[in-house]
Amino acid sequence: MQSFIVEHYLNKKIDIYCGGPDRFYGVVEACADGVLTIKDDDMYTHISIDKIIAIWGDGKK
């Protein structure tokens, strides 16, 4: 999953679903050591890759 995210979504805006009410939005800043880092409104969110169920992206920054 980590290499897929880096290859297809680095520096792009995505939506992430982790189950239940856990949904996150932002631009992919980094993905390393099993952690995805996204940025939205100058705030960073770090998400464990193994908790991700689905990712949506429109291909735009």
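**Reading the sheet and its salt bridges**

In strand 4, the bridge partner of L36 is I47.

Me: What kind of model is this?
Reply: The structure is a predicted model.

Me: Which strands does the pair of L36 and I47 bring in, and in what sense do strand 3 and strand 4 pair?
Reply: I47 lies in strand 4 and is bridged to L36. Strand 3 (residues 35–40) and strand 4 run antiparallel to each other, with six bridges between them.

Me: In what order do the five strands form the sheet?
Reply: The order is 4-3-2-1-5, in an open sheet with antiparallel pairing. From one strand to the next, the twist averages 45 degrees.

Me: Which strands does helix 1 touch?
Reply: Helix 1 (residues 2–9) packs on the sheet and touches strand 1, strand 2 (23–32), strand 3 and strand 5. The direction of helix 1 makes about 100 degrees with that of strand 2.

Me: Now the side chains. Why can two of them pair by charge?
Reply: Side chains of opposite charge can pair when their charged atoms come close. The cut-off for a salt bridge is a side-chain nitrogen of Lys or Arg within 4 Å of a carboxyl oxygen of Asp or Glu. By this rule there are two salt bridges here.

Me: Which side chain meets D15 in a salt bridge?
Reply: The partner is R23, at 3.8 Å from N to O. D15 has 21% relative accessibility and counts as partly exposed. R23 is also partly exposed, at 39%.

Me: Why is D15 not called buried, at 21%?
Reply: Buried means under 20% relative accessible area, and exposed means over 50%. D15 is at 21%, so D15 counts as partly exposed.

Me: Which residue forms the salt bridge with K39?
Reply: D42 does, and the closest N and O atoms of the pair are 3.9 Å apart. K39 is partly exposed, with a relative accessible area of 26%, whereas D42 is exposed, at 67%.

Me: Back to D15. Where is D15 found, and what does D15 touch?
Reply: D15 is in strand 1 (residues 13–17). Leaving aside residues up to four places away in sequence, D15 touches R23, F24, Y25, A54, I55 and W56.

Me: How many residues separate D15 from A54 along the chain, and what is the distance between their C-alpha atoms?
Reply: D15 and A54 are 39 residues apart along the chain, and their C-alpha atoms are separated by 8.3 Å.

Key: Residues numbered from 1 in each chain as written. Predicted model: local features only at pLDDT ≥ 70, side-chain atom pairs only at ≥ 80, totals over all residues. Heavy atoms only, no water. Buried < 20%, exposed > 50% of the residue type's maximum accessible area, 1.4 Å probe, protein only. Helix = DSSP H or I, 4+ residues; strand = E, 2+ residues; numbered from the N terminus. Contact = heavy atoms within 4.5 Å. Pairing = 2+ DSSP bridges. Axes fitted to C-alpha atoms, helices over the stretch in contact; angles between N-to-C directions.
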